[in-house]
Structure formats: structure tokens, C-alpha cells
Amino acid sequence: GTRRVGLVPLVPLVAMGAAVAACSAMVHGLEATAVSCGSMIQVQHVASSYFLHSHEISWGSGSRQQSVTALEGQSDDGNYWLVKESFGESMCDPGVPVVCGQAVRLEHVSTERNLHTHAVRSPLSGFQEVSCFGQEDEGDENDDWEVVCVDDGTHMGDPKIWTVGQTFRLRNRATGGYLRTSDQHRFTDSNCPKCPIIGQQEVTAAPRTDRMSIWTTGDAGFWIEAAHTQVCTGSESVCS
């Protein structure tokens with residue numbers, strides 16, 4: 001949200017290619033492939049390859065809060081999420097890596113609302129509805145998601161750091177539900193006549209852990225650099 005300070009423009013980690021390899025941004029001695037406070041990431045579902053997505057469209061039933069779906073294709077602006085501290089915690093310092101098992105909030109960048117779930121049935125599967133709720137510091141404990149790392153995180157040489165490209169689950173601290181989606185729960189003309197989210201998948205939370213609850217940041221991770229860190233841009237190894 002607009003409350004973030006001390007940030008400089010976004011640096012796409014993968015698009016920089018050789019420049020990133022030659023001169024990775026550093027924070028507290030760690031490469032910028034760590035997902036950190038202030039990271040802006042895309043969250044991709046491993047089984048379907050769809051992306052966690054939101055938009056200015058409210059659920060037509062249930063909570064009637066802002067809807068969250070999974071969208072095919074990574075180029076949509078509605079696929080970006082800002083990593084920030086859990087509800088009630090002091091604002092985290094940009095660039096501090098997130099560790100596996102830590103609770104974070106994911107703020108939808110376009111609408112500045114937090115990824116949220118609650119005991120409201122979703123329209124297709126009947127699991128917990130997922131929405132976006134509150135703005136900036138508004139919200140509640142249902143906005144908190146524990147990062148449950150699936151692989152060993154050896155990208156960083158430290159299994160405790162959440163890294164770009166690592167597989168993970170997101171467990172809601174309030175309900176115990178794991179964020180999930182499936183191509184078996186896709187919005188169509190049959191189950192959602194004339195609705196604006198046809199072709200998108202329902203995103204829910206459920207207490208089960210299976211392949212439908214595994215996500216990754218993939219190659220689409222972006223990072224909002226803290227002002228004091230090193231940044232490499234373009235084809236030149238220019239760090240400032």
C-alpha cells in the first residue's frame with residue numbers, strides 16, 4: 001500500500017538475465033532471490049499453472065467481498081501481491097527475508113486489499129471462500145497466512161528462507177485452511193452464466209494438504225528493493 005516508504009522502482013529478477021547473475025541485489029548478505037518484506041510476487045499454482053489473481057469484482061453471493069480467483073497467463077496486473085507483516089505486527093523492514101513457518105499478509109497490489117479467508121462457503125466447491133478484504137492496515141487475523149515450505153529451500157543454502165522458485169503452501173492462521181485451486185472448479189457458462197470471471201478457477205481454503213494446495217513464485221518474482229540495497233539494471237553491472 002501507499003504506507004510503504006524507502007522503496008525504489010521494481011527490478012524484475014529473471015528478465016535481467018545475465019545482469020542478475022553477475023550482480024545480484026544483496027540484503028543482509030543474502031541474494032535477492034529471497035522472498036522478503038516488500039517483495040512483490042506472483043503466486044503460481046503448480047498443478048494448473050494458473051496465477052493467484054484478484055480484481056475489482058465482488059462475489060455475487062457469500063461474503064460479497066472482493067473476489068479472488070486463479071487466472072491463466074502471468075501478464076495481468078491483477079496477479080501481483082505485496083508481502084508484508086502479519087496483522088497487528090509492526091511494519092516490517094523492506095528487504096528482511098521471510099522464513100518458512102512465518103505468517104505474512106499478501107496485499108493485492110492493484111486494489112490494496114489483503115488476501116483473506118473465513119467460514120463462508122465458496123460457490124463451486126463449498127470450501128472456505130477466499131476474498132480480498134480491508135485496505136493497508138485494516139483487516140483482521142484472517143488475513144494471516146503461514147508460509148509452509150514444501151521443498152528444502154536449498155536455493156539459498158538455508159532451508160529456513162522462503163525463496164523465489166520454491167514450492168510452498170499457504171495456511172491460514174485463523175481457519176487452518178490451506179490455499180488451493182483446481183481445474184475441476186473452473187467458472188463456466190453453466191455454473192456462472194454471464195459472469196465476468198468465466199475461464200478463471202475458484203480459489204479456496206481447505207484443511208487438506210494435497211497437490212492442489214502447492215504453489216510457487218515461479219520465474220515471475222519481482223522485488224521491491226529497499227533504498228539502501230544494491231540494484232543491478234539493464235545489461236550493465238551497475239549497482240547503486
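Which side chain does the side chain of Ser131 join in a polar contact of 2.6 Å? That of Gln65. A polar contact here is a pair of N or O atoms within 3.5 Å; within protein, one must be able to donate a hydrogen and the other to accept it, and residues adjacent in sequence count only if both atoms are side-chain atoms.

Some background before I go on. This is a predicted model, where local features need pLDDT of at least 70 and side-chain atom pairs count only at pLDDT 80 or more, while totals for chains, interfaces and linings use all residues. Residues are numbered from 1 along each chain as its sequence is written, and side-chain values use heavy atoms, with hydrogens and water left out.

The protein has 1 helix and 17 strands; these are DSSP runs, helices (H or I) of at least four residues and strands (E) of at least two, numbered from the N terminus. It has 240 residues, and 52% of them count as buried, meaning under 20% relative accessible area with a 1.4 Å probe, protein chains only. Of the contacts (heavy atoms within 4.5 Å) with a separation of 6 or more, 70% are between residues 24 or more positions apart.

Back to Ser131. This residue sits in strand E11, residues 128-133, and counts as buried because its relative accessibility is 0%. Leaving out residues up to four places away in sequence, Ser131 touches Trp59, Gln65, Gln66, Val68, Asn114, Leu115, His116 and His118. Its C-alpha atom is separated by 8.8 Å from that of Thr204, 73 residues apart along the chain.

Next, the aromatic rings. The whole structure has 2 aromatic pairs, counted when ring centres of Phe, Tyr or Trp (its six-membered ring) lie within 6.5 Å; planes under 30 degrees apart are stacked, over 60 edge-to-face, and the rest tilted. Trp59 and Phe187 form a tilted pair, 6.0 Å centre to centre with 40° between the planes. The pair links distant parts of the chain, 128 residues apart: Trp59 is in the loop between strands E6 and E7, Phe187 in the loop between E14 and E15. Both are buried. Trp162 and Phe168 form an edge-to-face pair, at 5.0 Å and 70°. Trp162 is buried at 0% relative accessibility, and Phe168 is buried at 0% as well.

Last, Asn79, in the loop between strand E7 (66-71) and strand E8 (80-85). Asn79 is buried, because its relative accessible area is 0%. Its side chain makes a polar contact of 2.8 Å with the side chain of His53. Beyond four places in sequence, the residues Asn79 touches include Ile41, Val43, Phe51 and Leu71.

Note on methods: Buried < 20%, exposed > 50% of the residue type's maximum accessible area, 1.4 Å probe, protein only.
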